[in-house]
Amino acid sequence: MPDTTGTSTGARRAESDRSALRVSAILQAAEEAAARIRDEAEARLQDRIAEGARAAGARVAAAGAEADELLAAARGEAEAERSQAANDALTTIGAAEEDASRVRAEADAATQELREQARAQAREMLLEARAVADAARTEGETLTGHLQELSSSLRTNAERLTRDIRRAHEAIAASLDAVDLGPPAPGPAHRRDRAQPRRAGGGAGAGGGDLEVPEFIPGG
């Protein structure tokens, strides 16, 4: 969802700036109108004075009175426009301040909501991380137990193989020691008969039992 808070705040700030510019333009227009009216009144006054000087002193007094009226009217009009412009400016400023307060309240509410959402997500992630850590620890402990069991089994099997090899060696050595080298060299059949005790001795020496297999490894 697009972030409309910054856009709304920027729009209100731009509207406030435009309102300030309008107020400044109104004040400048009022001052220009007052200056224009004053210039026109002064011109009329000069004309009336010149006309009165040419005509008569009474008409000079009448022109002066009319000029005063025109000046008073111009001042009154300028003051009224200035007052209206000031009122408009105050109204615009008040509306801008209300908009700013509303936007600030909305931003605070949105910030609080986002903060709560972030806290909830952080709690969920923490729970998930703890669950993963517990599972990893359990799996590690299981694997460690398996490795310890495998190490013990390998040690036992190595000791058993060592005993079996020693027994087989002793049996073969005993069989060789029992061979009689005195008579002449026998034929092939006799050599096969003489070799039977060696095989028998080797079989007896190798009978040390089955090798151990850890419980977590399926047996063959």
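The questions and answers below concern a predicted model of one chain.

Residues are numbered from 1 along each chain as its sequence is written. In this predicted model, local features need pLDDT of at least 70, side-chain atom pairs count only at pLDDT 80 or more, and totals for chains, interfaces and linings use all residues, while side-chain values use heavy atoms, with hydrogens and water left out.

Biologist: What pattern does the chain follow along the sequence?
Modeller: Helices (H or I, at least four residues) and strands (E, at least two) are DSSP runs, numbered from the N terminus. The chain has three helices and zero strands. Read along the sequence, the pattern is α-α-α.

Biologist: Which element of the chain has the highest mean pLDDT?
Modeller: pLDDT is the predictor's confidence in each residue, from 0 to 100. The chain averages 76, and 72% of the residues score at least 70. Among the elements, helix H3 (residues 188–206) has the lowest mean, 44, and the highest, 86, belongs to H2.

Biologist: Over which residues does pLDDT stay under 50, and how many contacts beyond four places in sequence does the model have for them?
Modeller: Where pLDDT is low, the predicted coordinates should not be read in detail. A contact means heavy atoms within 4.5 Å. The stretch is residues 194–208, and the number of such contacts in the model is 16.

Biologist: What share of the residues of the chain count as buried?
Modeller: Buried means under 20% relative accessible area, exposed over 50%, and partly exposed in between (1.4 Å probe, protein chains only). The chain has 220 residues, and the buried share is 12%.

Biologist: Among contacts between residues at least 6 apart in sequence, what percentage join residues at least 24 apart?
Modeller: The count takes contacts in the chain between residues at least 6 apart in sequence. The part that joins residues at least 24 apart is 74%.

Biologist: How many salt bridges does the structure hold?
Modeller: A salt bridge is a side-chain nitrogen of Lys or Arg within 4 Å of a carboxyl oxygen of Asp or Glu. One of them joins Arg137 and Asp134. The number in the structure is five.

Biologist: How far apart are the closest N and O atoms of Arg119 and Glu116?
Modeller: Both residues lie in helix H2 (residues 57–177), and because they are three residues apart, they are separated by about one helical turn. Arg119 is partly exposed at 44% relative accessible area, and Glu116 is partly exposed at 36%. The closest N and O atoms of this salt bridge are 3.5 Å apart.

Biologist: Where does Asp164 stand, buried or exposed?
Modeller: Asp164 and Arg167 form a salt bridge of 3.4 Å, N to O. They too lie in helix H2, three residues apart. Arg167 is partly exposed at 40%. Asp164, at 10% relative accessibility, counts as buried.

Biologist: What is the volume of the largest cavity?
Modeller: On a 1 Å grid over the protein atoms alone, a cavity is a set of points where a 1.4 Å probe fits but cannot get out. Grid points are joined across faces, edges and corners, and a volume is the space filled by probe spheres set on the points. The structure holds two cavities of 30 Å³ or more. The largest has a volume of about 50 Å³.

Biologist: Which element gives the largest share of the lining of the largest cavity?
Modeller: Lining residues have an atom within 4 Å of a point, and here they are Ala34, Arg38, Leu71, Ala74, Arg75 and Ala78. Helix H1 (4–55) and H2 each give two or more residues. The largest share, four residues, comes from H2.

Technical notes: On a 1 Å grid over the protein atoms alone, a cavity is a set of points where a 1.4 Å probe fits but cannot get out, and a pocket is an open set with protein on both sides within 12 Å along at least five of seven lines; lining residues have an atom within 4 Å of a point.
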